[in-house]
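In these entries I record what I looked up in the structure shown below.

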Amino acid sequence: MKKYYFIINPLASSGKAAVVWRDCKNYLDRQSIEYEAFMTSYAGHAAELAAKLTGSEERTREKTIVVIGGDGTLGDVINGINISAMVTLGFIPAGSGNDFARSTGISRRPIARLKQIIRQRKVAWLDYGVISYIQGQLRQCRFMVSSGMGLDAGICEGVQISPMKSVFNRLHMGRLVYITVGLQRIFTEKPVSVQLTLDGVRTIHLDWVRYISIHVQPREGGGFQMAPNAECQDGQFDLCIVTCRHRLALIKVMFAALFGRHIKMREVHIMQCVTASFKAEQKVCVHADGEICGHLNEFNVLCERRKLKMIL
C-alpha cells in the first residue's frame, strides 16, 4: 500500500492549517491509508524535514510528500527537497494568500484536494525560480510563485508583521490585509533607479521604479494578477515592472492588478526572460514567495524549467 508523508505548518493562517490537518487525518484513518505526519515548530523546519525525507539513500525511494500550509510553507519544502530525488509533491492550501492554488486552479477544499492527491490523475513537471544574492556570503533560494523588489516586497514585509493578518485570516478575508498594507506602503516606499539585464544580453536602465515582480505563477499577494499570462511550464519568467512618478498612478495600477487589467497601462512593462540581473541605486526590500531575503542592492534570478514533479 502506498504511504504518504505530510509536512504540516499548524500555525499557517492563524491556525487554519491545524484544523485542515485534523480533517485530513480523520479521512486518512477512515480509509486506512498509510501515512506519516511531521509538524513544523520553527522557521525553516519544513525545509529540514523535506531534506531529511529526500536526502542520502532516501532520494532513491519513490515517495509522495504532501504539504499543508501556506505558500511560504510550500516554498520552504521546495528549498529543502533534493531535486534529484524520486519525489512527487502534493499541496493542500491552508494559508492566507494561497496564490499557488489560485494560479494552478487546485481545489482549496481540503478533503476534495486530498482525494485529488491520492488519485494522482493529474501530475505535471513545473518550473521554479532561483534567486541568488550576497548577504555576507552567496545565498540562494528557490521560489514557486514569485519573487520581487520594491513595493512588491515591502508589502510582503508589512504583511508578515501586521497585527491585522490574524484578524483577517479568522474572517477568511486574507486578501484584505495585502490591500490594507499595500495602501500604507504606497505612501512610504520610495522609487529607485534600476539597471536590469535580461538573459545576459539586454541591459535596460529604469528610473522611478516602484516595484518589479518576477513570476513563475500569475498571481501573488492574495490573488493580485500581476502577470496574468505567466505559465509555470514554459521555462521563463514574466516580469511586471511598474515605473511612475506619482502615487495616484501607482494606486490605480495596484487596483487594476486585482483583475489583471493593469498590463496595458503606460506605467506597466511586461517582459519575459530565463535569467535576470538587478542592480538598484540603493538597497531595496526583496522577497521570494513572500519571505523576505533582505534589503539588497543586487540579485539575480534563474528559471529552472520543469524540474519539480507535482500533483495538480
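**Entry 1: two helices.** Axes are lines fitted to C-alpha atoms, for helices over the stretch in contact, and angles run from 0 to 180 degrees between N-to-C directions. I recorded the crossing of helix 1 and helix 5 as right-handed. A crossing is right-handed if the near helix is turned clockwise from the far one by less than a right angle, and left-handed if anticlockwise.

**Entry 2: the source.** I am working with a predicted model, in which local features need pLDDT of at least 70 and side-chain atom pairs count only at pLDDT 80 or more, while totals for chains, interfaces and linings use all residues. Residues are numbered from 1 along each chain as its sequence is written, and side-chain values use heavy atoms, with hydrogens and water left out.

**Entry 3: helix 1 by itself.** I found that helix 1 (residues 12-30) has 19 residues and spans 25 Å from its first C-alpha to its last, close to the expected 27 Å. The expected span is 1.5 Å times one less than the number of residues. Which residues of helix 1 are buried? I listed A12, S13, A17, V20, W21, C24, Y27 and L28. Buried means under 20% relative accessible area, exposed over 50%, and partly exposed in between (1.4 Å probe, protein chains only). Seen down the axis of helix 1, these buried residues fall within an arc of 125 degrees, so they line one face of the helix. The arc is that of the directions from the helix axis to the C-beta atoms. As background, I note that an α-helix has 3.6 residues a turn, so residues three or four places apart point the same way. After helix 1 comes S32, with a positive phi near 55 degrees.

**Entry 4: another helix pair.** I then turned to helix 2 (residues 45-54) and helix 3 (residues 71-80), whose axes come within 7 Å and cross at roughly 40 degrees. That makes helix 2 oblique to helix 3. I recorded this crossing, too, as right-handed.

**Entry 5: strand 12 and its partners.** Two strands pair if DSSP finds at least two bridges between them. Strand 12 (residues 275-288) pairs with strand 7 (residues 146-150) in the antiparallel sense over three bridges. In that pairing I found M149 bridged to V286 of strand 12. Strand 8 (residues 192-198) also runs antiparallel to strand 12, and five bridges join them. Here T197 stands opposite S277. I counted ten bridges between strand 12 and strand 13 (residues 291-311), again antiparallel, with F278 opposite F299.

**Entry 6: two hairpins.** How many residues lie between strand 12 and strand 13 in their hairpin? There are two. D289 lies in this loop and has a positive phi near 50 degrees, though it is not a glycine. Most residues other than glycine have a negative phi. At 10% relative accessibility, D289 counts as buried. I compared this with strand 5 (residues 123-135) and strand 6 (residues 137-143), which run antiparallel and are joined by seven bridges. Y133 stands opposite R139 of strand 6. The hairpin of strand 5 and strand 6 has one residue between the strands, and G136 in the turn has a positive phi of about 85 degrees.

**Entry 7: single residues.** R306, in strand 13, has a positive phi of about 50 degrees although it is not a glycine. Its relative accessible area is 40%, so R306 is partly exposed. P228 is found in the loop between strand 9 and strand 10; at 27% relative accessibility, P228 is partly exposed. P228 and P218 are ten residues apart in sequence and 4.8 Å apart from C-alpha to C-alpha.

Definitions and conventions. Helix = DSSP H or I, 4+ residues; strand = E, 2+ residues; numbered from the N terminus. Parallel < 35°, antiparallel > 145°, perpendicular 65-115°, else oblique.
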